[in-house]
Amino acid sequence: MTTMARALALGIVLAASSAQADIVIWDESVHGDLSGDRLIPTPVNLALGINTLIASSLTGDREYVRMTIPAGMNLSGIVHVSWVSTDPLAFIGVQQGASFTEPPTGTNVANVLGYTHFGPGAGTLGLDILPAIGTGPGAIGFTPPLPGNVYTFWIQQTGASLATYRLDFVVAPSPGTGILAAAGLFGLARRRRQRA
């Protein structure tokens, strides 16, 4: 999928999703702390549209989240929506599978699908960080979108000051179902707005 087609599909999904409330897949202030165990990550199922994760982290507080993307769907973006902290950076990495096999120290990035830093220090507020995750130096790497499957994310603040952040995981139809399905969602969103 070209960059322009990907941007169009992401825009259509975001427009269609705006007709509904975001799906909050996890909010640590409501649901409790995300798992700190890489072998037993917190499980969440992603749905079509915007899936919001809100968490807080600081040095040593690792968050491991196992995300299931349904067949026929893909993860088309991860938008860094907000950040509250005096520290400027956090880390996010991803592996395919139901756990994160690499330890937090002595990590072999060659076994990681991708990773990046996010936060004001990385200039990511309001941006889709999924492409940057796919180009983490030395990692396996990928070009978005990520197809329907099970992925485990490792998220961690890099400084000593508590950081609270929001990431929106954007799920869209797979390219095979692609533009027609996205156009259908856009039409559905318009009808919902007209009824309201």
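Mentor: Let us begin with a term: rings of Phe, Tyr and Trp (its six-membered ring) pair if their centres lie within 6.5 Å. Keep in mind too that this is a predicted model.

Trainee: How many aromatic pairs does the structure hold?

Mentor: It holds eight aromatic pairs.

Trainee: And what describes a single pair of aromatic rings?

Mentor: The general idea is that two values describe such a pair, the distance of the centres and the angle of the planes. Take Phe 118 and Tyr 165: their ring centres are 5.5 Å apart and the planes stand at 80 degrees, so this pair is edge-to-face. The cut-off behind that step is that planes over 60 degrees apart count as edge-to-face.

Trainee: Which strands hold Phe 118 and Tyr 165?

Mentor: Phe 118 belongs to strand S7 (residues 114-118) and Tyr 165 to strand S10 (residues 163-173), so the pair links distant parts of the chain, 47 residues apart. Both Phe 118 and Tyr 165 are buried.

Trainee: Which residues form an aromatic cluster?

Mentor: One cluster is made of Tyr 64, Phe 91, Phe 100, Tyr 115 and Trp 154.

Trainee: Is strand S7 as a whole enclosed or open?

Mentor: Four of the five residues of S7 are buried, so S7 is largely enclosed by the rest of the structure.

Trainee: Next, strand pairing. What should I know in general?

Mentor: Strands of a sheet pair through backbone hydrogen bonds, and the pairing is either parallel or antiparallel. In our case, strand S6 (residues 90-96) and S7 run antiparallel and are joined by five bridges. Here Gly 93 stands opposite Tyr 115 in S7, and Tyr 115 is one of the residues in the aromatic cluster.

Trainee: In what order do the strands of the open sheet of five lie?

Mentor: The order is S1-S3-S10-S5-S8, and the pairing is mixed. Strand S1 (23-27) and strand S8 (146-147) are the edge strands, each pairing on one side only. Within this sheet, strand S3 (residues 49-57) pairs with S10 in the antiparallel sense over nine bridges. There, Ile 54 stands opposite Arg 166 in S10.

Trainee: Now a loop residue, please. Is Thr 124 buried or exposed?

Mentor: Thr 124 is found in the loop between S7 and helix H3 (130-134). Buried means under 20% relative accessible area, and Thr 124 has 9%, so it counts as buried. Its side chain is joined to that of His 80 by a polar contact of 2.7 Å. Leaving aside neighbours within four places in sequence, Thr 124 is in contact with residues including His 80, His 117 and Phe 118.

Trainee: What does the side chain of Ser 35 reach?

Mentor: The side chain of Ser 35 reaches the backbone oxygen of Ile 40 at 2.7 Å. Ser 35 lies in the loop between helix H2 (28-31) and strand S2 (42-45), and Ser 35 is buried, with a relative accessible area of 15%. Not counting residues up to four places away in sequence, Ser 35 touches several residues, among them Pro 41, Arg 62 and Tyr 64.

Trainee: Finally, the overall picture: how many helices and strands are there?

Mentor: The protein has four helices and ten strands. Of its 196 residues, 44% count as buried. Among contacts with a separation of 6 or more, 81% are between residues 24 or more positions apart.

Technical notes. Residues are numbered from 1 along each chain as its sequence is written. This is a predicted model: local features need pLDDT of at least 70, side-chain atom pairs count only at pLDDT 80 or more; totals for chains, interfaces and linings use all residues. Side-chain values use heavy atoms; hydrogens and water are left out. Helices (H or I, at least four residues) and strands (E, at least two) are DSSP runs, numbered from the N terminus. Buried means under 20% relative accessible area, exposed over 50%, partly exposed in between (1.4 Å probe, protein chains only). Contact means heavy atoms within 4.5 Å. Rings of Phe, Tyr and Trp (its six-membered ring) pair if their centres lie within 6.5 Å; planes under 30 degrees apart count as stacked, over 60 as edge-to-face and the rest as tilted. Two strands pair if DSSP finds at least two bridges between them. A polar contact is a pair of N or O atoms within 3.5 Å; within protein, one must be able to donate a hydrogen and the other to accept it, and residues adjacent in sequence count only if both atoms are side-chain atoms.
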